[in-house]
Amino acid sequence: MNDLTGMTPEELRDFSTELGEKSFRGGQIFSWIHQHGSESFTDMTTLSKELRRKLESKATLQAPEVIDVTESGETASRKFLFRLTDGMKIESVFLPDGKRRTVCLSSQVGCPLDCKFCATAKMGLFRNLTSGEIVGQLLAVGREIGKRITNVVFMGMGEPMLNYDNVIKAASIIHHPEGLNIGSRKITISTVGMANRIRQYADEGHPFKLALSLNAADDVLRDRLMPINTKHNLEACISALDHYSERTGKRFTVEYVLMAGTNDRPEDATRLAGILKRLDCKLNLIPYNPISGEPFKRPNRDQLKRFYELIYSAKRTVTVRWSQGKDINAACGQLHAENQRKNFRKVKSKSIGSQ
Ligand code: SF4
């Protein structure tokens with residue numbers, strides 16, 4: 001069965017032709033799914049009954065099923081746990097901030113990269129998500145919230161660049177003017193630093209924003225916190241990001257999750273400042289959301305302020321994102337990890353940086 005949620009308008013036009021219909025029907029189906037949020041073919045009343053019958057027998061709209069929603073007691077952030085058609089579970093987070101309504105999407109079930117501060121890492125990798133499962137998260141959250149989603153970040157479970165084709169396709173669908181029409185500069189793809197993919201992304205000229213999750217400013221600490229660094233080290237990341245700036249002329253974002261006593265020492269700030277001086281980027285400082293059983297600590301406001309002031313002299317464009325939803329475990333993978341471990345065994349674990 002063809003899952004139509006993950007198809008572009010062009011693919012849906014071809015699919016309509018294969019069904020013996022006029023190609024423009026594909027565009028209508030796309031707008032029913034993405035503009036009207038249709039969950040069934042019977043809703044698509046501009047299509048003939050015969051076409052709707054054909055669609056019922058040859059296609060599906062496999063939206064991930066919402067099985068749990070947790071709302072923050074501190075903010076209006078909400079965490080969504082989804083069940084996929086094969087029973088696997090993933091999560092998305094909705095982060096409202098004034099007029100900005102952001103959804104953080106997952107790109108994989110689990111993750112193979114083993115970042116030491118991350119709950120998703122504990123699961124290993126189960127599989128990549130399809131483009132339909134990625135877009136489906138957004139459609140489902142939009143339906144639950146009942147308001148237009150303005151921003152999308154690929155910062156949920158998984159490393160987006162390890163599911164490159166499906167993530168790019170999903171971003172293109174989300175951005176498409178016949179669908180949700182979310183602006184390309186409102187869609188951010190984040191990576192822990194897959195240097196080869198950053199170069200590919202720059203060379204292919206995709207319009208979406210790019211973010212690097214840095215979290216350590218020297219190779220010794222980064223190797224320890226993020227084992228991907230042993231394959232794509234800091235210099236490789238920086239060189240790939242320079243390439244990105246040269247090819248696109250666009251600024252990117254560096255994310256630095258601040259962990260008290262781990263990567264917030266004065267020497268970390270000095271090294272980070274040195275890296276930032278070389279790059280055309282802005283910096284987001286994100287105080288760590290603690291995970292039970294892990295040794296990493298959230299900095300208090302004084303520790304954060306100290307670090308911020310040391311960095312600010314090197315990089316004026318620093319923002320602090322007090323992570324929303326700390327009380328609902330809104331760090332990537334936490335709610336899901338708790339559920340998944342109870343119900344599934346790990347079936348696959350890819351080697352670092354494979355694909
Ligand atoms: S931080 Fe991201 S890349 Fe690292 S293990 Fe977690 S989900 Fe994977």
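Asn 181 counts as partly exposed, at 40% relative accessibility; here buried means under 20% relative accessible area, exposed means over 50%, and partly exposed is whatever falls in between, using a 1.4 Å probe and protein chains only. The model is a predicted one, in which local features need pLDDT of at least 70 and side-chain atom pairs count only at pLDDT 80 or more, while totals for chains, interfaces and linings use all residues. Residues are numbered from 1 along each chain as its sequence is written, and side-chain values use heavy atoms, with hydrogens and water left out.

Back to Asn 181: this residue sits in the loop between H5 and E10. Helices (H or I, at least four residues) and strands (E, at least two) are DSSP runs, numbered from the N terminus. Its phi is near 60 degrees, which is a positive value in a residue other than glycine. Asn 215 also has a positive phi without being glycine, this time near 70 degrees. Asn 215 belongs to the loop between E11 and helix H7 (219-225) and is buried, at 0% relative accessibility.

Next comes the sheet. Ten strands make up an open sheet with mixed pairing, in the order E3-E4-E5-E6-E9-E10-E11-E12-E13-E14; two strands are taken to pair if DSSP finds at least two bridges between them. Strand E3 (65-71) and strand E14 (318-320) are the edge strands, each pairing on one side only. On average, neighbouring strands of this sheet are turned by 25 degrees against each other, direction ignored. For that angle, axes are lines fitted to C-alpha atoms (for helices, over the stretch in contact), and angles run from 0 to 180 degrees between N-to-C directions.

What does E10 pair with? On one side, strand E9 (residues 151-154) and strand E10 (residues 187-191) run parallel and share three bridges. Val 152 has Ile 187 of E10 as its bridge partner, and Val 153 has Thr 188. Right-handed means that, with the strands pointing away from the viewer, the path from the first strand over the helix to the second runs clockwise. E10 also pairs with strand E11 (residues 209-213), again in the parallel sense, over four bridges. In that pairing, Thr 191 stands opposite Leu 212 of E11. The chain gets from E10 to E11 through helix H6 (residues 195-204), and this β-α-β crossover is right-handed too.

Is E10 enclosed or open? Five of the five residues of E10 are buried, so the strand is largely enclosed by the rest of the structure. In a regular strand the side chains alternate between the two faces of the sheet. In E10, Ile 187, Ile 189 and Thr 191 point one way, Thr 188 and Ser 190 point the other way, and all are buried.

Now for the charged pairs. The structure holds 18 salt bridges, each being a side-chain nitrogen of Lys or Arg within 4 Å of a carboxyl oxygen of Asp or Glu. One of them joins the side chains of Glu 178 and Arg 13, at 3.1 Å from N to O. This pair links distant parts of the chain, 165 residues apart: Glu 178 lies in the loop between H5 and E10, and Arg 13 in helix H1 (residues 9-18). Both ends are partly exposed, Glu 178 with a relative accessible area of 29% and Arg 13 with 24%.

Arg 265 takes part in two of the contacts described here. Its salt bridge with Asp 268 comes in at 2.7 Å, N to O, and in the one with Glu 267 the closest N and O atoms are 3.9 Å apart. Asp 268 is buried, with a relative accessible area of 0%. Arg 265 is partly exposed at 31%, as is Glu 267 at 36%. Elsewhere, a network of salt bridges links Glu 21, Glu 50 and Lys 54.
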